[in-house]
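Q: Hello! Could you walk me through how to read this model, one feature after another?

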Amino acid sequence: MARILLGVSGSVAAYKALEFVRLATKAGHVVRAVQTEAAQEFVGAASFAALTGAPVLVTEWERDPARGAFPDQAPPEHDPLSHLELVRNADVFLIAPASANTIAKLAHGLADNLLTSAALAATCPVVVAPAMNNAMYDHAATRDNLRVLRERGVRVVDPGTGALGSKHEWGIGRLAEPIDLLGTVEAVLAESPATAAAGPWDGLRVLVTAGGTREPIDSVRYVGNRSSGRMGFALADEAARRGAEVTVVVANVALPRTPGVTYIDVETAAELHDACAVAFPGTDVLLMAAAVADFRPASAADHKIKKTGRDELTVQMEATVDVLSSLSATRRDDQTLVGFAAEHGQDAVAYGRDKLERKGLDAVVVNDISRADIGFDTAENEVTIVLADTQVAVGKSDKTLIAAAILDTVDQIREPTSLAARTPG
Ligand code: CTP
């Protein structure tokens, strides 16, 4: 959890700052927003106040009911100066969208509104995300101002290229996507000595597999599955948030990646096996969320198989290696192995327990794939975590929360004494 001060300046992209607040608070951070007057022309303070759960300030001259405190803090007894107190409490100051005018003021040290005064007083890391018309962004003045900020240690999140705010305008200058803003903020926090303080999983090495393997039939076709990789990526993000050193073996996932996490891309079950076999000995916790093919075409054609002259096509399949079982066969007692089981219907948990024993695991996360509203390629899931002597039901929720529940269970497996201490009676 971090305290993020969000500075919103005048740009059409101000609406994306709302989405940033939503993502950041969902990820467990607390946010306070300050706006420039121009920003209020685009998105009103009420929206930011509702999403942050805190007052939104525009000038130094209005009274802050929270007296500079973030939503998780008690306000001080005195009335502090807002621009000083907000940055004193913040772990990071994100200015997004940063207009050309605000960037110019920041580069020259002007302090003519609350946002720029706070930036001048900030000792926490500052992240600036430009958003403007392409001609303004390409202007030598803006380029120079951004260079000056970079040289001073400000992290600049480069804008994207595409459709711009005004109709028919296209070019560089689009505000970075909110998820990328959050990724940069979290990366900056992880690097910052003040906030990189030990998380509960500090020093733990976590290996996650995510996505679904593709087994080639010929040079263009493959046998695949519907796994999107969302569950694996949510686990990786949550483990990184807890301070772990995270490696993800990624099988065909088209999702944004988190700075600070290591990703190894693979395509087939055999490649996934090879990547895992290398990483596993140095792993404390294995979270095997990937949907790995059980069978693959026995021989893949190196050209595109032609349809002409055929009424049918038979593809001979052969078993792949069971990656989890092969890793488990070499496991040490101090390693924790979590498998996943996608099962149909009422025997799902029994099948999961069978996998736990057969594959030598510490836990199996079972989800019922007969339901269309959870599991494959959806944002939500509902699982039962099967352990050797018990099971934990996790109700339908966002995969981020499911990931947190799974990691809490890993904590219990690794520290049975702390579990006993937490369990009443
Ligand atoms: N798994 C694996 N290698 C495979 C197949 C599966 O490592 N070739 C892993 C998956 O990543 C998952 C767990 O094993 O964590 C269970 O996968 P599942 O396909 O449900 O298990 P199977 O042993 O293939 O069982 P079933 O007979 O139900 O297909």
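A: Gladly. Helices (H or I, at least four residues) and strands (E, at least two) are DSSP runs, numbered from the N terminus. Here the chain has 15 helices and 19 strands. This is a predicted model, in which local features need pLDDT of at least 70 and side-chain atom pairs count only at pLDDT 80 or more, while totals for chains, interfaces and linings use all residues. Residues are numbered from 1 along each chain as its sequence is written, and side-chain values use heavy atoms, with hydrogens and water left out.

Q: How much of the chain is buried?

A: Buried means under 20% relative accessible area, exposed means over 50%, and partly exposed is in between (1.4 Å probe, protein chains only). Of the 425 residues in the chain, 49% are buried. The C-alpha atoms fill a box of roughly 70 × 70 × 35 Å, taken along the principal axes.

Q: What share of the contacts joins residues at least 24 apart?

A: Contact means heavy atoms within 4.5 Å. Among contacts between residues at least 6 apart in sequence, 65% join residues at least 24 apart.

Q: How do I read two packed helices?

A: Two packed helices are described by the angle between their axes and the distance between the axes. Axes are lines fitted to C-alpha atoms, for helices over the stretch in contact, and angles run from 0 to 180 degrees between N-to-C directions. Angles under 35 degrees count as roughly parallel, over 145 as roughly antiparallel, 65 to 115 as roughly perpendicular and the rest as oblique. Take helix α1 (residues 14-26) and helix α3 (residues 45-52): their axes cross at roughly 10 degrees and come within 9 Å. So α1 is roughly parallel to α3. On the α1 side, Ala14, Ala17, Leu18, Val21 and Thr25 meet Ser47, Phe48, Leu51 and Thr52 in α3.

Q: Which classes of residue make up the contact of α1 with α3?

A: Ala, Val, Leu, Ile, Met, Phe, Trp, Tyr, Cys and Pro count as nonpolar, Asp, Glu, Lys and Arg as charged, and the others, Gly among them, as polar. This contact has six nonpolar, three polar and no charged residues.

Q: At what angle do α4 and α6 pack?

A: Helix α4 (residues 82-89) and helix α6 (residues 114-121) pack at about 55 degrees, with their axes 8 Å apart. That makes α4 oblique to α6. Ser82, His83, Leu84 and Val87 of α4 meet Leu114, Ser117, Ala118 and Ala121 of α6. Five of the residues in this contact are nonpolar, three are polar and none is charged.

Q: Why is α6 described as largely enclosed?

A: Six of its eight residues are buried, so α6 is largely enclosed by the rest of the structure. Those buried residues are Leu114, Leu115, Thr116, Ser117, Ala118 and Ala119. They pack against β1 (3-8), β2 (30-35), α4, β3 (92-98) and α5 (100-108).

Q: How many aromatic pairs does the structure hold?

A: Rings of Phe, Tyr and Trp (its six-membered ring) pair if their centres lie within 6.5 Å; planes under 30 degrees apart count as stacked, over 60 as edge-to-face and the rest as tilted. The structure holds one such pair. The ring centres of Phe233 and Tyr263 are 5.5 Å apart and the planes lie at 45 degrees, so the pair is tilted. Phe233 belongs to helix α10 (residues 230-241) and Tyr263 to strand β12 (residues 262-266), so the pair ties together parts that are 30 residues apart in sequence.

Q: Are Phe233 and Tyr263 buried or exposed?

A: Phe233 is buried, at 5% relative accessible area, and Tyr263 also counts as buried, at 16%.
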